[in-house]
Amino acid sequence: MKLSKYIITTSIADEKDAKSTSQTIIYSCLSNQTIVITNDVFRKITNGDFHMLDKRLITELQNSNILISKDNDEIVELLGHEKLIDDNISLFLNLVESCQSGCNSCSKYYDISKSGNEFVSSINNFIENRLIKKDLKTFLLTWKVDDPIEYFETMLSISISNLKIADKKDLFYSSSLICHGIFLTEEVFKSLFKLCSIKKYHISLECSNSEATESTIMNILSILENFPFLPQDGIIFEVNIKSFDIAHAIEIIDRFSRAEAQNRITFKFEFVENEYVSQDILAENETECLFYAIENGFIQSILPTRVILPCAAADSDSVSVDKDGNLFSCNALPLSTTDIISRNLIGNINQDFKDHSPETKFRKWLHDLAENMPICYNCNLLPVCGGGCLLKREEGISSGCPSFKYNIEDRLLISYLNQKSHFNECIIEYYKPLF
């Protein structure tokens, strides 16, 4: 046996009991399971002294993929793992000049024409052809607009068609919206929810622009207070807080907490990088806000979970369409350089489907990872990251690593404190050395 390389560990101690034995939290990136053991036991595991441990503990560690067989080549097994379920399609409709998706891959702008009836007809035909080609169960659609009213007729026409197709083919259909919150009034929301069946709303708050931030917050609070939600509606507002100052983010969390919006709001935190602030400091700020949100009753995703691909850019079942009808696998690609676009352009909705490229540079990521062995090859976070942002790496902006790379140990501790009673804590006296 040997210790898996795809684990995260951090040490903890009970501050209330100075005599207590220090413990180590182990998180498996392969199984997404967490186990807590004593530091003494962890040292024995690290040193390979398995004969000195209780067999029940060894079985627990093996079941959690923390201990693996000695001859297990984890990277080969990881990269050779194919998608078990290929029964969904994701479509990203980008109807704006600027990216609001919150992935931080770019901040550029580009000019494209307004969408019209021809665009609507082409999209509907494209979707129907995509759905006919496979025996699918799930259809996920994401809209990206600035002002929903400006594109409402387009959104309504396509949504009605999608709902009919989903009903006819017995598909689970889910629709979400990325937009500027200042335009998402209660009346606009009502139309989007009732007529377009949009259930998830991604809103970015720029703390530097207090007037726009205040208008956005008031819009969301008005919707939450006055709209008659039912539990089965599943309405969620994902609020992406962009800030230079942690105090601004805390203040926004407090606003929604006082409004008792915990069951409808989730947060993402993005602290702006500059030459004076390191990535580690930004990660610490994110951790502090994450913990504060949890303390105030908001349900947050703390630990990353197992993924096969880094993002939609490498997914053959995910397509992004801009208003010119160009097809990409990443919604931010239209904002990139000409060379990168040419290597990742799938085709156009007005082209014959035979002319569409089934493979692009980003969609060959797993093959490149196995053949070229980039930095991700030896990273212990690969099972929960998948490779990060391919576009950032391609553009040379950064390594493309997710923020949790810089605060994963803090996240593990937060998860432990938040869900301690649910963890499988293997701190039992009979787990003593046999010799």
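Predicted model: local features only at pLDDT ≥ 70, side-chain atom pairs only at ≥ 80, totals over all residues.
Visitor: Which class of pair do Phe189 and Phe193 form?
Guide: The ring centres of Phe189 and Phe193 are 6.0 Å apart. The angle between their planes is 5°, and the pair is stacked.

Visitor: Where do Phe189 and Phe193 lie?
Guide: Helices (H or I, at least four residues) and strands (E, at least two) are DSSP runs, numbered from the N terminus. Phe189 and Phe193 are 4 residues apart, about one turn of the helix, and both lie in helix 6 (residues 186-196).

Visitor: Is Phe189 buried or exposed?
Guide: Buried means under 20% relative accessible area, exposed over 50%, and partly exposed in between (1.4 Å probe, protein chains only). The relative accessible area of Phe189 is 0%, so Phe189 is buried.

Visitor: Is Phe193 buried or exposed?
Guide: The same cut-off of 20% applies here. Phe193 has a relative accessible area of 12%, so Phe193 is buried.

Visitor: Which class of pair do Phe267 and Phe298 form?
Guide: The ring centres of Phe267 and Phe298 are 4.9 Å apart. Their planes stand at 70°, so the pair is edge-to-face.

Visitor: How many residues apart in sequence are the parts that Phe267 and Phe298 tie together?
Guide: Phe267 lies in strand 11 (residues 265-271). Phe298 lies in the loop between helix 9 (279-295) and strand 12 (318-322), so the pair ties together parts that are 31 residues apart in sequence.

Visitor: How many disulfides does a search of the whole structure find?
Guide: A disulfide is a covalent bond between the sulfur atoms of two cysteines. The cut-off is a pair of cysteine sulfur atoms within 2.5 Å. For Cys330, the closest cysteine sulfur, in Cys311, is 6.0 Å away, too far for a bond. For Cys401, the closest is in Cys376 at 6.2 Å, also too far for a bond, and the search finds 0 disulfides.

Visitor: How far apart in space are Leu177 and Leu93?
Guide: Leu177 lies in strand 8 (residues 172-179) and is buried, with a relative accessible area of 1%. Leu177 and Leu93 are 84 residues apart in sequence, and C-alpha to C-alpha they are apart by 9.6 Å.

Visitor: Which backbone oxygens does the side chain of Asn348 reach?
Guide: A polar contact is a pair of N or O atoms within 3.5 Å; within protein, one must be able to donate a hydrogen and the other to accept it, and residues adjacent in sequence count only if both atoms are side-chain atoms. Asn348 is in strand 14 (residues 347-348) and counts as buried at 12% relative accessibility. At 3.1 Å its side chain reaches the backbone oxygen of Asp324, and at 3.3 Å that of Gly325.

Note on methods
Residues numbered from 1 in each chain as written. Heavy atoms only, no water. Phe/Tyr/Trp six-rings, centres within 6.5 Å; stacked < 30°, edge-to-face > 60°.
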